[in-house]
Amino acid sequence: MGKLEDGIAKIGFTGEKAAEIQRKMDAYIKEIQIFNKTANLVGTDDYDELAVNHVLDCLSGAPHFEKIAEEAKKNLGVSKLVAGDFGSGSGFPGLVLASVFPEIDFVLIERMKKRCAFLESTAAVLGLKNVTVVNKNAEQIKKKSLDIATFRAFRPLTLDMTKTILCALKIGGIVAAYKARSEKIEAEMEGIKELVPSFEKIPLCVPFLTENTEEVRERNLVIFRKS
């Protein structure tokens with residue numbers, strides 16, 4: 001059993017769902033390997049490194065994202081959600097989460113045309129009909145157009161960036177940000193406390209990454225809401 005398959009099982013996916021996710025993520029990794037040099041997507045072409053550091057990292061947040069989606073539905077009184085992935089880049093976490101949650105529409109927001117072309121091509125290869133790629137800066141996204149906002153390896157949460165993200169969210173919408181070390185999170189959130197007075201930090205267990213005893217790697221999901 002390879003790291004991708006093993007990691008998917010460790011996160012808690014089983015049966016046909018696990019097999020479907022594995023098939024799509026395998027195809028996704030191969031698309032990155034093909035387009036990486038021309039689109040400058042990520043810093044590695046190694047299959048296992050892509051699987052662990054990127055795919056499994058995003059998948060580790062999926063069980064929490066499911067709960068966030070249910071809360072957002074109740075808050076907003078809707079049955080169909082729209083989630084925006086800010087600074088989508090190579091599609092992490094947007095393409096991964098869109099593969100897990102076909103019932104949620106994902107808007108992948110990316111300012112670079114080459115990366116947008118990759119995202120559109122890969123969404124088609126993966127058969128993701130719930131994905132729309134938008135070639136815009138974060139600041140250009142329509143106000144109150146999103147139910148959930150997510151991002152990973154995006155810009156720090158400064159006051160300006162937080163205002164931009166919250167502006168795109170409906171009232172009652174939720175932000176789910178993939179972040180690393182706790183002390184860095186605390187510093188970022190302290191700087192935006194006038195906009196975000198409270199937040200949740202959920203530790204993520206990423207197979208073969210956070211459980212690596214030789215090198216301590218911390219991953220967290222930061223959650224806050226627009227009131």
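**Figure 1. Lining of the largest pocket in the predicted model.** Helix α8 gives the largest share of the lining of the largest pocket, namely 3 residues. This close-up, like those that follow, shows a predicted model. The volume of the largest pocket is about 400 Å³. Its lining consists of 18 residues, and those closest to the centre of the pocket are Ala153, Tyr178, Lys179, Ala180 and Arg219. Two or more lining residues are given by each of the elements α3 (47-59), β4 (146-152), β5 (169-179) and α8 (182-191). Sorted by class, the lining of the largest pocket holds 8 nonpolar residues, 1 polar residue and 9 charged residues.

**Figure 2. The second largest pocket.** The second largest pocket has a volume of about 340 Å³. It is lined by 20 residues, and nearest its centre lie Gly87, Gly89, Glu110, Arg115 and Ala153. The lining of the second largest pocket comprises 8 nonpolar, 6 polar and 6 charged residues.

Figure 3. Which residues of α8 are buried? They are Ser182, Ile185, Glu188 and Met189. Viewed down the axis of α8, these buried residues fall within an arc of 125°, and therefore they line one face of the helix. An α-helix has 3.6 residues a turn, so residues three or four places apart point the same way. The other side of α8 carries the exposed residues Glu183, Lys184 and Ala187. The buried residues of α8 pack against the strands β5, β6 and β7 (220-225).

Figure 4. The model contains 1 cavity of 30 Å³ or more. The largest cavity holds about 30 Å³ of space. Its lining is formed by Leu157, Lys179, Ile185, Glu188, Met189 and Val222. Helix α8 provides 3 residues, the largest share of this lining. Ile185, Glu188 and Met189, which line the cavity, are also among the buried residues of α8. By class, the lining of the largest cavity has 4 nonpolar and 2 charged residues, with no polar residue.

Figure 5. Leu195 is located in the loop between α8 and β6 (200-203). Is Leu195 buried, exposed or partly exposed? Leu195 is partly exposed, because its relative accessible area is 28%, a value that lies between the limits of 20% for buried and 50% for exposed residues. Neighbours within four places in sequence left aside, Leu195 is in contact with Leu159, Thr162, Lys163 and Leu166. Leu195 and Gly84 are 111 residues apart along the chain, and their C-alpha atoms are separated by 20 Å.

**Figure 6. The nonpolar cores.** The largest nonpolar core has 56 residues, of which Phe13, Tyr28, Leu59, Phe106 and Val131 touch the most other members. When residues up to four places away in sequence are not counted, Phe13 touches Ile8, Ala18, Ile21, Leu59, Ala62 and Val100.

How values were computed: Residues numbered from 1 in each chain as written. Predicted model: local features only at pLDDT ≥ 70, side-chain atom pairs only at ≥ 80, totals over all residues. Heavy atoms only, no water. Core = buried A, V, L, I, M, F, W, Y, C linked by side-chain atoms within 4.5 Å. Buried < 20%, exposed > 50% of the residue type's maximum accessible area, 1.4 Å probe, protein only. Contact = heavy atoms within 4.5 Å. 1 Å grid on protein atoms, 1.4 Å probe; cavity = no way out; pocket = protein on both sides within 12 Å on 5 of 7 lines; lining within 4 Å. Points joined across faces, edges and corners; volume = space filled by probe spheres on them. Helix = DSSP H or I, 4+ residues; strand = E, 2+ residues; numbered from the N terminus. Nonpolar A, V, L, I, M, F, W, Y, C, P; charged D, E, K, R; others polar. Arc of directions from axis to C-beta.
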